[in-house]
Amino acid sequence: MFTACHAAVMGRLCRQFRLGTSRLGTLAVLVMGLAQSRTVNLTHLACHLPGRASHASGYRRLRCFFQHVRLDSDRMALLVVSMLNLSCKKCLALDRTNWKVGT
């Protein structure tokens with residue numbers, strides 16, 4: 001199951017980003033981990049890395065990925081739109097409330 005999902009996500013990502021296989025694989029695991037754990041905390045996402053490496057090693061791998069890789073925001077937006085099939089018109093609602101506890 002993991003390899004089929006991983007291959008599908010990598011196939012989609014490689015069309016948008018010019019990254020090496022290792023970094024592309026890390027990005028694919030990050031995307032799948034974000035969907036599964038619903039958090040951006042790298043310590044939680046490190047649990048989704050494949051292999052028998054320690055949790056601390058996975059965490060360092062993710063930190064190094066973000067230290068050395070800069071993703072183009074325009075390409076990322078195109079990828080999200082294509083993956084979510086947002087080609088038809090949608091209604092966007094923005095909440096601009098500046099609510100703070102006690103005020």
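A residue is called buried when its relative accessible area is under 20%, exposed when over 50%, and partly exposed in between (1.4 Å probe, protein chains only). At 3% relative accessibility, Thr26 counts as buried. This residue has its place in helix H2, where helices are DSSP runs of H or I with at least four residues and are numbered from the N terminus. The structure is a predicted model, in which local features need pLDDT of at least 70 and side-chain atom pairs count only at pLDDT 80 or more, while totals for chains, interfaces and linings use all residues. Residues are numbered from 1 along each chain as its sequence is written, and side-chain values use heavy atoms, with hydrogens and water left out.

Leaving aside residues up to four places away in sequence, Thr26 touches Arg61, Leu62 and Phe65, with contact meaning heavy atoms within 4.5 Å. Two of these names, Leu62 and Phe65, return in helix H4, where they are buried together with Gly58. An α-helix has 3.6 residues a turn, so residues three or four places apart point the same way. The buried residues of H4 pack against helix H2 (21-37) and helix H3 (42-45).

Although Arg38 is not a glycine, its phi is positive, at about 55°. With 76% relative accessibility, Arg38 counts as exposed.

Notes. Helix = DSSP H or I, 4+ residues; strand = E, 2+ residues; numbered from the N terminus.
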